[in-house]
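Subject: Structure handover

Hi,

Here is the structure I promised to pass on to you. Please have a look at it first, and then read on for what turned up in it.

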Amino acid sequence: MKLDEVDSQEGTMEFIKSLINAHIPASVLLLITTPSAYLDIQKANASVFDRLEKANYKIDLAGANSVDEAN
């Protein structure tokens, strides 16, 4: 499943939280967001932000400030 342009609205946060908590077997959840939206999520829902921070794998290319960071 891929969710593009995730926002910090309450409905979106509850949906993401339920997907994370479901632990769907043999699945990959890909969330695409911008650094500013990620900060909005942190402010709007600390629980969802904590789950995102503790994800098994996280690639943060959108927040990279340089080519070296992206590499």
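This is a predicted model: local features need pLDDT of at least 70, side-chain atom pairs count only at pLDDT 80 or more; totals for chains, interfaces and linings use all residues.

The overall picture

The protein has 4 helices and 2 strands, and along the sequence they follow the pattern β-α-β-α-α-α. Of its 71 residues, 17% are buried. The accessible surface comes to about 5,500 Å², and carbon and sulfur atoms account for 53% of that surface. If you look at contacts between residues at least 6 apart in sequence, 58% of them join residues at least 24 apart.

Helix α1

Helix α1 covers residues 10-22, 13 residues in all. From its first C-alpha to its last it reaches 18 Å, close to the 18 Å expected at 1.5 Å a residue. Its buried residues are M13, I16 and L19. These three sit on the same side of α1, because the arc they cover around the axis is only 130 degrees. On the face turned away from that buried side you will find the exposed residues E10 and G11.

The loop after α1

Which residue follows α1 with a positive phi? That is H23, with phi near 50 degrees. H23 lies in the loop between α1 and β2 (30-31), and it counts as exposed because its relative accessibility is 64%. A26 is found in the loop between α1 and β2 as well. Phi of A26 is also positive, near 50 degrees, in a residue other than glycine. With a relative accessible area of 93%, A26 is exposed. As background for these two, most residues other than glycine have a negative phi.

Helices α2 and α3

Two packed helices are described by the angle between their axes and the distance between the axes. Here, the axes of α2 and α3 come within 6 Å and cross at roughly 130 degrees. On the α2 side, the contact is made by Y38, I41, Q42 and A44. The α3 side contributes A46, V48, F49, L52 and E53.

The buried residues of α2 are A37, Y38 and I41. They cover an arc of only 105 degrees around the axis, so they lie on the same side of α2. What do the buried residues of α2 pack against? They pack against α1 and α3.

The residue between them

N45 is in the loop between α2 (35-44) and α3 (46-53). Is N45 buried or exposed? Its relative accessibility is 13%, and residues under 20% count as buried, so N45 is buried. Leaving aside neighbours within four places in sequence, N45 is in contact with M13 and E14.

Best wishes

Technical notes. Residues are numbered from 1 along each chain as its sequence is written. Side-chain values use heavy atoms; hydrogens and water are left out. Buried means under 20% relative accessible area, exposed over 50%, partly exposed in between (1.4 Å probe, protein chains only). Contact means heavy atoms within 4.5 Å. Accessible areas come from the Shrake-Rupley method with a 1.4 Å probe; for residues, only the protein chains shown count as cover. The expected span of a helix is 1.5 Å times one less than its number of residues. The arc is that of the directions from the helix axis to the C-beta atoms. Axes are lines fitted to C-alpha atoms, for helices over the stretch in contact, and angles run from 0 to 180 degrees between N-to-C directions.
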